[in-house]
Structure formats: C-alpha cells, structure tokens
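User: Please take me through the reading of a single protein chain, starting with the general idea each time and then turning to the case at hand.

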Amino acid sequence: MFFKQKSNVIFRNYESFGYISDNRNFGYTQTNNNGNHIGDKILSESGAVFMSVLNRKPQSLDELAKKINKQFTDVNIATIKNDAKEFYCILEQDGFIVSGETFQKCDEKETRFSYKALEPKIIKKDSSWTIVHLEKSTQEFLEEYFKGKPQLTNLHIEITSKCNERCIHCYIPHDNKVSRIEPGLFYDVLKQCKNMRLLHLTLSGGEPMLHKNFCDFLRKCKESDFSVNVLSNLTLINDEIIKEMRANPLLCVQTSLYSMNPDIHDEITQIKGSFEKTKNAILKLIENDIPLQISCPILKQNKNCYGEVIKWAKKHNIHVGDDYVIIARYNHTTQNLDCRLSINEIKEMIDDKIANDSNYLEQIEMAAEKKKNITSNDFVCSVCHSSVCIAYNGNVYPCAGWQDYVVGNVKETSLNDIWDNSEKVQYLRGLRNQDFSECIQCSDKEFCTMCMVRNANENPQGDPLAVNKYFCNIAKLNREIVLERKEKSMNS
C-alpha cells in the first residue's frame, strides 16, 4: 500500500503537536462549491510524527514505517505499520492524503483542480487516538498553546512596485511604482518564513510578472512548501509562466476584470488593449486548469455593467468578488476616490443585487447576526495578529494598502523580531473595538466592517482611529434596507 500527502495540503510540525490544513482560508472558491471543506486539524504528538514522514510523492507503507520507527525505537515495526495504516486511512477519509495499491495508482488517485470537475464529496470519520478533536477552534487552540502570542501564518509580498497599468482607483500613487525586490532579499524572507512555520504567501505588485525572477520565485515558494496566491492583471502571461504554474500548482490566481465592454475596462486601466489581454489570459488559465478568481471593483465607470462580468465568469465556473469599497491612496491623496460610488449609487446597486439575487439580503442579515457576538474587547482585524505585508524595499506594513505605516524593515531586522518586538506592531495589537468608542455605541455597528487602513489613508494625518464617515453611511444604509425589507415582508 502506498500513501502520499495531497498537493493542496500544508503540514507544520510543532513537536508537541502537528497542524494540518487544506488551505480553505486562502484558496480558490468554485461557483458550484458544495461546502465539503475539511479545513484544518490539530494532530497529537504521535500523529505529528506519522504525518511528518509523508510527502507529495507516494511511499510504501514499509518505507513509512521504517521512518516512523526511527522516532519510536522501542515499538516493533509490525505495530507501527498497523497504527500507521489506520491513521493514514482516517486522514484519507478526511481528505488530507490519498492511497493506492501501487505507486502509480496512488499518484493518479489525487483529484487535481479542474474547471470541469465538481469537488469530490468527503466522508468524515472520527478517531480518538491521533487526531485531537476540540470544542474550541484551531485558532483558539493555537492561541491557548502559545499563551496568546500571535502566530504569523499569512504573508503578502509585493515583489515589485512597477506596473504596466494605471488603474484609476489604485491605492498606490503611480509615481511610486518604480522598483522591484532583490532576489537575495526574497529568498532570505522565504527562509525566515519557513523558520516561523508560515503557511501562506501572496505574491503581488505592482504587476508581479514584470519581475524577471517571477517564475523562479514561484518555484522556490513551492520548494519551501508554502501555499501561494498570485495577484496579477495577467496581461504579461506567457507559456513559460503557464508551464511553471502547472508544475508548481497555485492555490489561486486573482485578477481584475472591470467590464465586458473593452472601452470601459481600458478606461479604468488607462491602457488600450488591456481588456483583450486579460480576458484571453483568463481563458488560457481555464484551458490549463489553473485556479482563478476575478475581482470586479464597482466604480462609477462600470456600475451599470459589472453584472456582465459576473454572468461571463459564471459561464466559465469562475468565482467573482465584486466590491464597492475603494480606499484612498496610502499617501493620503484622494483623487482616486473620484471614481468611488456615492451613497445613493450604492443604494441603487444594493437594490439591484437584491432584485437579482434572492440570497443577497439574507447574506447581509447573516453577516450582521454574526457581529452581534463581537465584544468591546475583541480585536479590530487580523493585521499584525496573523498577517503582515512586505514591500520590494524590505519595508513591513500591517497590510498591503497601509504603506505609510512602516512597522520595520527586514533588511535591518529579522521578520521574527519585527513580529515579536516592533513598537508599532504592539500598538496595533493592543487596539480593541472599545478604542473606537463612537463605533461601539453605534446602532449600525453590526452592518459595518471596521477597517483601520480605510481610516488612515483617507485621514490627512494618517490616523487609524479617525472613523471614516463614508463607511458609517454605508453601514447605516445596509441597516435601513434590511429593516425596510423586513417591514415589507411582515405587511405583505
């Protein structure tokens, strides 16, 4: 019997326990998603040893048992084989590994991502001896284990600030898109991330494919066993990049498509012909079964036609994220907000969504219901709790859009030291919902998502505590719409 770890699964060994994840928090979302995500699990100390000997190439049970025996020298090999087989069968039923009678059958058994195939249904089975089943979530377990010390699991790296498009709503001033990361710095960051047991990397720019080492960066990320997303406009895609993405599968490529009308898309990117290049690249990724998601920010320019992007994507089984949240530039200039929807335009858009999607109103209500449990002592967001961003010059930011708030530089200080000891990181970690007293008392708070970078970028002094009234008005609008619809439903 042969066993192998699935290609989309990430495992980290903490010695006294193991952590295994199928990357659902970072990966591709199919439009026909049936919800059978496994997610992540905590493994006991012995389970971590059994998992650690697996890799992405099939190995026989005999080979695996010999490796495990090096850790458990006082246990006979026959017992180890029986225990290993039982454990691996459980992990297979949970969707983390695959098995086969031969090397080839095991290797072929893993279902690769395909636009033509539905997600396989997973059969769940409980076990008590090596998988720790907890009432608390995995995140709660990790926080308890590390005594509340935040763990960096997700890093965003901007490998270049250069971009071949000039999108009118971009939060990066175009004059600042001038340079790229040195390969040596990138590889050093990867090494540090490995030592910190990081799980996931996002590579972006500017336009990341402008970096001459882009393909090698992808290769090194997979060699270091990170899951990887790429944010790109795809206008520079070529056969070499496609080949690399197939050889080292990504979790997802995210690209922006603003309209199915080439003139409108090109008006937003300010580059003639960009629509055809991006659309053709999307079709090329589909042809090669490379997981893809489309981002379609809703602006004044495309507010009447963004729905065509959603329809086109649905035909190709691509998930689309459409959002009207446009933030100011990180240097606090706000000319890019000229294309942001007014509150009246947002109301029209929400009414249109409700009319065309029977679930949209319910989604708003469900999100608001979840936020009722948020307390004044809860964290505001995940920045500096599980994620940060590194720019081409080594600067570390709380998140990609918040680039005037430098918490450290990896050329001068290790990422681990910045994560643990930066005064600015500690300040952000110390903030709680109660620090936004106006928000805590607001009747619309369940319909709002507090975001410090929205506040900071639009505030002349860059103050993350200065509440942005534009988003307050959106929260109020959502609450009014929900209440109005409820009242109509009760009276009908």
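User: What is the mean pLDDT of the protein chain?

Analyst: pLDDT is the predictor's confidence in each residue, from 0 to 100. The mean for the protein chain is 88, and 92% of its residues reach 70 or more. Over residues 28-37, however, the pLDDT is below 50, and this stretch has 31 contacts (heavy atoms within 4.5 Å) beyond near neighbours in sequence. Residues 118-135 also stay under 50, with 48 contacts beyond four places in sequence. Where pLDDT is low, the predicted coordinates should not be read in detail.

User: How many helices and strands are in the protein chain?

Analyst: Both are DSSP runs numbered from the N terminus: helices are H or I of at least four residues, and strands are E of at least two. The protein chain has 18 helices and 16 strands.

User: Which radius of gyration does the protein chain have?

Analyst: The radius of gyration is taken over C-alpha atoms, and the globule rule is 2.2 Å times the number of residues to the power 0.38. For 492 residues a compact globule would have a value near 23 Å, and the 24 Å of the protein chain agrees. The C-alpha trace spans about 70 × 60 × 50 Å along its principal axes. Of the contacts with a separation of 6 or more, 72% are between residues 24 or more positions apart.

User: What percentage of the residues is buried?

Analyst: Buried means under 20% relative accessible area, exposed over 50%, and partly exposed in between (1.4 Å probe, protein chains only). Buried residues make up 51% of the 492 residues.

User: Where do K147 and D289 lie?

Analyst: Most residues other than glycine have a negative phi, and most peptide bonds are trans. K147 has a positive phi near 55°; K147 lies in the loop between α5 (138-145) and β8 (154-158) and is exposed, at 77% relative accessible area. D289 has a positive phi of about 55°; D289 is in the loop between α10 (274-287) and β12 (292-297) and is partly exposed, at 24%.

User: Which residues does a cis peptide bond join?

Analyst: The cis bond joins G205 and G206, with omega about 25°. G206 is in the loop between β9 (200-204) and α7 (214-223).

Technical notes:
Residues numbered from 1 in each chain as written. Predicted model: local features only at pLDDT ≥ 70, side-chain atom pairs only at ≥ 80, totals over all residues. Heavy atoms only, no water.
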